[in-house]
Amino acid sequence: MTIDTNDILNSILESLSRIDYIRPEEIPNIDLYMDQVTTFMDTQLAATKRYDEDKILTKTMINNYTKNNLLPPPLKKKYSKEHVLLLIFIYYFKNILSIKDIEIVLKPLKEKYFSGDEEVDLSDLYEEICSMEKSRIEPLQEAVKAAYDRSMETFSGVSDKENRDELQLFAFICNLSFDVYLKKTMIEKIIDGLAVKDKKDE
C-alpha cells in the first residue's frame with residue numbers, strides 16, 4: 001500500500017488551522033452542578049477527541065482532581081466559572097504532565113487568582129494565555145512543514161518507493177516526537193525548580 005505523506009502533512013496543517021479554545025464568555029456565569037460541568041466540557045471540547053468514545057471529563061476525574069489538590073472543592077456541590085477554567089487547563093496539561101506536576105503548575109492559580117482578589121483574575125489570565133497560544137499556530141505550521149521537508153530528504157538511497165515512503169514517514173514521526181520530548185523535558189525542569197522553591201518557602 002502506498003503512503004501519501006503529502007496528504008498526511010496537509011491533514012495535520014488543516015487540523016492546526018482549526019484549533020480553537022473555549023472563550024471565557026462562553027462559560028456560564030452561574031455555578032454549575034457536576035453533571036452540568038461534564039456536559040459543558042464534553043460539548044465544548046468534543047472536537048479535540050481522538051476517538052468518539054474518548055471521555056473529556058467524568059465525575060470520577062473531577063473528584064480525583066479535587067482529592068489531588070488540583071481543584072478547589074465545590075461550594076455546596078456547585079462549581080464556579082473559575083473551577084471550569086482550571087478544568088480546561090487540567091484537560092490540556094494531563095496529556096503531557098503527571099498529576100503531581102499539574103498540581104505544582106496550578107498552585108498559584110488556585111491560591112492567588114481563583115478568588116478574584118488579585119489585579120488579574122482567572123478569566124483575564126485564561127484569555128491572555130489563549131491569545132498567546134493562538135498567535136503561535138502559524139509559526140507552528142511553518143515548523144511542521146520544515147520538519148516534513150527535512151524528513152522527506154532522508155533515506156533517498158532506498159530504491160523501493162514504498163519502503164522509502166514508509167521510512168520517511170517514520171523519520172517525520174521521529175522528528176516531531178523529538179521536538180515534543182525536548183519541550184516536555186524543559187517543562188519538567190521548570191516544574192522541578194518551582195517544587196524546590198515551594199519547599200524553601202515552606
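This is a tour of a predicted model, moving from the whole chain to single residues.

**The whole chain**

Start with everything shown as a cartoon. The protein has eight helices and two strands. Following the sequence, the order of these elements is α-β-α-α-β-α-α-α-α-α. The C-alpha atoms fill a box of roughly 65 × 40 × 30 Å along the principal axes. There are 202 residues, and 30% of them count as buried. If you take the contacts between residues at least 6 apart in sequence, 66% of these join residues at least 24 apart.

**Helix α6**

Select residues 122-134, which make up helix α6. This helix of 13 residues reaches 18 Å from its first C-alpha to its last, close to the 18 Å expected at 1.5 Å a residue.

Now colour L122, S123, L125, Y126 and C130, the buried residues of α6. Where do they lie around the axis of α6? They cover an arc of only 160 degrees, so they sit on the same side of the helix. What do these buried residues pack against? Show α4 and α5 (99-113): the buried residues of α6 pack against both.

Next, go to the N-terminal end of α6 and select D121, which caps it. A side-chain oxygen of D121 lies 3.1 Å from the backbone nitrogen of S123.

For comparison, select C174, which is partly exposed at 35% relative accessibility. The count of disulfides in the model is zero.

**Aromatic pairs**

Show the side chains of the aromatic residues. A pair of aromatic rings is described by the distance of the centres and the angle of the planes. The model has five aromatic pairs. One of them joins F89 and F93: the ring centres are 6.4 Å apart and the planes are at 20 degrees, so this pair is stacked.

Both residues belong to helix α4 (residues 81-93), where they are four residues apart and therefore separated by about one helical turn. An α-helix has 3.6 residues a turn, so residues three or four places apart point the same way. F89 is buried, with a relative accessible area of 12%, while F93 is partly exposed at 24%.

Ring pairs link F89, F93 and Y126 into a cluster. Y126 is also one of the buried residues of α6.

Then move to helix α8 (residues 161-201) and select F178 and Y181. Their rings form another stacked pair, 6.5 Å centre to centre with 25 degrees between the planes. These two residues are three apart in α8, so about one helical turn separates them. Is Y181 buried or exposed? Its relative accessibility is 54%, and Y181 counts as exposed.

**Two loop residues**

Finish with the backbone of two loops. Select K76, in the loop between α3 (59-67) and β2 (78-79). Phi of K76 is near 55 degrees, a positive value in a residue other than glycine. K76 is exposed, with a relative accessible area of 75%.

The last stop is F155, in the loop between α7 (137-151) and α8. Phi of F155 is likewise positive, near 55 degrees, and F155 is a residue other than glycine. At 39% relative accessibility, F155 counts as partly exposed.

Definitions and conventions
Residues are numbered from 1 along each chain as its sequence is written. This is a predicted model: local features need pLDDT of at least 70, side-chain atom pairs count only at pLDDT 80 or more; totals for chains, interfaces and linings use all residues. Side-chain values use heavy atoms; hydrogens and water are left out. Rings of Phe, Tyr and Trp (its six-membered ring) pair if their centres lie within 6.5 Å; planes under 30 degrees apart count as stacked, over 60 as edge-to-face and the rest as tilted. Buried means under 20% relative accessible area, exposed over 50%, partly exposed in between (1.4 Å probe, protein chains only). A disulfide is a pair of cysteine sulfur atoms within 2.5 Å. The expected span of a helix is 1.5 Å times one less than its number of residues. The arc is that of the directions from the helix axis to the C-beta atoms. Contact means heavy atoms within 4.5 Å. A polar contact is a pair of N or O atoms within 3.5 Å; within protein, one must be able to donate a hydrogen and the other to accept it, and residues adjacent in sequence count only if both atoms are side-chain atoms.
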